[in-house]
Amino acid sequence: MASHPKARRRDSTAFVPLRGAEAERLGQDERREINWKRWGPYLAERQWATVREDYSPDGSCWDYFPHDHARSRTYRWGEDGLLGICDREGRLCFALALWNGRDPILKERLFGLTGPEGNHGEDVKEIYFYLDSTPTHAYMKALYKYPQREFPYAGLVAENARRTKEDPEYEIQDTAAFEDGRYFDVFAEYAKAAADDVRIRFTIANRGPDAAKIDVLPTLWFRNTWSWGRSGEGYWKKPRLCAEGDRAVIAEHESLGRFRLDAAPDPAPASLLFTENETNTERLFGVPNPTPFVKDAFHAAVVGGRADAVNPERTGTKAALRYSLEIPAGQEVRLRLRLSSGVPAGIGDDFDAVFAGRIREADAFWKSRIPDALTGEERTVARQAYAGLLWTKQFYHFAVRDWLEGDPSAPPPPESRRHGRDSSWEHLYNRDVVSMPDKWEYPWYAAWDLAFHMLPFSRVDPHFAKEQLILLLREWYTHPNGQIPAYEFAFSDVNPPVHAWAAWRAYKISGARGQRDRLFLARVFQKLLINFTWWVNRKDPEGRNLFAGGFLGLDNIGVFDRSTELPGGGHLEQADGTAWMAFFCSTMLSIALELASEDPAYEDVASKFFEHFVAITDAMNSLGGTGLWDEQDGFYYDQIHVQGQSIPLRLRSIVGLVPLFAVEILDQAQIENLPGFRKRLQWFLDNRQDLARHISYMRDDDGGHGVHRLLAIPSRERLERVLEYLFDEKEFLSPHGIRALSRVYAEHPYTFTVSGQEHRVSYDPGPSTTGVFGGNSNWRGPVWFPMNYLLIEALERYHHFYGPSFKVELPTRSGRWVTLAEASREIARRLAAPFLPDASGHRPCFGEDPRFASDPHWKDLLLFHEYFHGDTGLGLGASHQTGWTALVVRCLESLAGARLGGEPADTPDD
């Protein structure tokens, strides 16, 4: 068979080295010459109600440390704040507190509902946006919208409690909080003059029709590391804050050194407030406080009017500069501060010049990273997506052994904790800045989320991307048995094995051919061998090359919860679990071949992954006749083995599309340079023709001598049949990407009966109507970026092999035939569509909210949700999950490449 001529490269995704002032800072930080990343947005947006802070006997983290405790109770493992920053070890924190004169509490952190309170699980009930950041955080900007009316805390809780899972969530924008423009836009900006010299600018704009009062409290405090009776790494003696005059706070810490927070004289703070970052035990537990000055003192002083709540000596471990402002209608006030070390007092005569310079450099950096071929609206989407990605870094501290044991200064934990959540992960010791999914809804790393984050990161901060991928494989993260930790709610949960793919992609995106970081690739490969072995030993117990795995990140996708005991005592052979392992195999094969080009020692392991991939493919397609392939339907399904029967679960979902991801192309020219691998490959082709039939072969028809071999789970015929479903608007294809479940189940729900019990799955395009996995995520119809992106890449690889001879009807039954490259770009276009305004100015991700369509203070703002409605494109789930939804920038790059007339590269970013 003949292949297509060598494709042209897409200019928008070809490697372009970083240049300019921000690139120089990145290089200095990577070489450890200047610690440019010491300060950043590493402060969590929710530390309360996390697993780390839960010392309950039954693991009820939502109840043990609720929002109501957060202002009064000292955190054990981290801190949180509003639009804040901290150093990379979370020692000294800075954030904003606000009071509108009406709220019952000081606004020091974002409010939201816990998992049990929300009708669709936990959910932040605030309006805030990440507007800009550079990778070193030399410039950052964010926005919080603060109501002038009393914040509707009780109303949000009560109304969401009244609603069922069939109802939409009740959001703050559904209340009267922002009516008549009666709110403040609070902009926070940070600009670094040097690594330890951060200029800070708060702009508070009154959007309402009348003058309005507001108290603004820029707050500096130390994370409490001294109250737990422990010593050693991460524990320091009690530090100290004190006043210097009326406009400065001095901070002294034994490892961080001496810093100062200065305020400008115009306007000057009305007063300086000091207290201790210690729990108010009297308020919470009825026990006398060991110190008269406690964590919630500023709340007591500002909201309660208690001057005696703060330390008159103006010293402590928590301090605030209080500004009492009255802002005329339509006007704004700007506050200027400086957090620095080793520089003269004051905010500096160059304050405005530093901001102007950093903003100019940020503009230049993003101009070099975001393709010119994009429209203005598309560039806005890309820049804010990158901003969200960069703002969602967080200092994450968790030592499981210490957590299980309890602290010497606290009562011993109940014995049940020794056998409960995460008790088998005593080795885990995390004290790092890590990329989070969402710093409020998911303020903890999730392994498979992080893998997707690293693709856009590789374009703007390749060193950080590679270090993050290495970090999760280090021995203080990965379990001794080889399992990568999933997330703190259950480190032993099984996520899809995408880490190898992310490392391979980061390797290719972050360097030009011949100049890539082979040391990084070798380091991750060695650790991934251990992880692969864990998968094979734990998830294929019968050695049949058909794998289980449980929920595999897809929450409620199955007919029943795939992570629990199955009905009738059966077991599953999972189409996605098996396909993920083929995907893992094929990626490890590609990495091994790359490393073998300079080190023949890798040729043997490349042969191992080649043969293992083919064996899995054979089992997937042939075991027991047709494996997990259903010839009648032309689709891949899970199979349940129960009561002596093997029964396919004929539910068309993203589970049956995962087999398309496992596709790699072997280039004969590369193989010829690897004699050991070539010899074993030829033996295999000659002697295992029962398996070799799964390998396709093509030669270039452009006069060249290129020979390619395709490794893929589906044959061409089976691929064609699956793609008919994929591009059918009555099935998977939506106006905004590929749905996770076929729309056919809207009118004809799937049912499966076992042991006399009926299980039902319906098309559910919006929030989840089930309680599986907490009910805050839904895979029964919405569009999810990570799976869509893997489909885009897979179609590009299939196109490279099959070329223009392989066309699909898109949409199915439309009469419009396109190549697989064109099909991949169409998915990319649809994925970008929710963020782009239509003719009326509405962006589908915001639904019909008129503010986001026409209000000048709303219409250019963007959120990057966890997932999107399968029919309308409305953003759903976590509202700031710019982690994997930042993949929209990769989609936009693909569209820019098409406009430049390019075809997909040989392999993505090759």
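In this predicted model, the structure holds 9 cavities of 30 Å³ or more. The largest cavity contains about 150 Å³ of space, and its lining is made up of 16 residues, with Ala447, Ile484, Asn495, Pro496 and Pro497 lying nearest its centre. By residue class, this lining divides into 11 nonpolar, 4 polar and 1 charged. Two helices, H10 (447-460) and H13 (518-539), each supply at least two residues of the lining of the largest cavity, and H13 gives the most to that lining, with 3 residues.

Confidence along the chain bears on how such details may be read. The chain averages a pLDDT of 92, and 95% of the residues score at least 70. Over residues 1-11, however, the pLDDT is below 50, although this stretch has 46 contacts in the model beyond near neighbours in sequence. Where pLDDT is low, the predicted coordinates should not be read in detail.

The nonpolar interior can be described next. In soluble globular proteins, nonpolar side chains tend to be buried together. Here the largest nonpolar core has 258 residues, and Tyr190, Phe202, Phe610 and Leu723 are those with the most contacts inside it. Helix H14 (residues 575-596) gives the most to this core, with 15 residues. Setting aside residues up to four places away in sequence, Phe202 touches Phe94, Leu96, Phe187, Ala188, Tyr190, Pro218, Val333, Arg334, Leu335 and Leu337.

| Residue | Helix | Relative accessibility |
|---|---|---|
| Lys466 | H11 (residues 462-471) | 11% |
| Pro675 | H17 (residues 675-687) | 46% |

Lys466 counts as buried because its relative accessible area of 11% falls under the 20% cut-off. Leaving aside neighbours within four places in sequence, Lys466 is in contact with Ser510, Asp517 and Phe520. Pro675 and Glu603 are 72 residues apart along the chain, while their C-alpha atoms are separated by 8.4 Å.

How values were computed: Residues numbered from 1 in each chain as written. Predicted model: local features only at pLDDT ≥ 70, side-chain atom pairs only at ≥ 80, totals over all residues. Heavy atoms only, no water. 1 Å grid on protein atoms, 1.4 Å probe; cavity = no way out; pocket = protein on both sides within 12 Å on 5 of 7 lines; lining within 4 Å. Points joined across faces, edges and corners; volume = space filled by probe spheres on them. Helix = DSSP H or I, 4+ residues; strand = E, 2+ residues; numbered from the N terminus. Nonpolar A, V, L, I, M, F, W, Y, C, P; charged D, E, K, R; others polar. pLDDT = per-residue confidence, 0-100. Contact = heavy atoms within 4.5 Å. Core = buried A, V, L, I, M, F, W, Y, C linked by side-chain atoms within 4.5 Å. Buried < 20%, exposed > 50% of the residue type's maximum accessible area, 1.4 Å probe, protein only.
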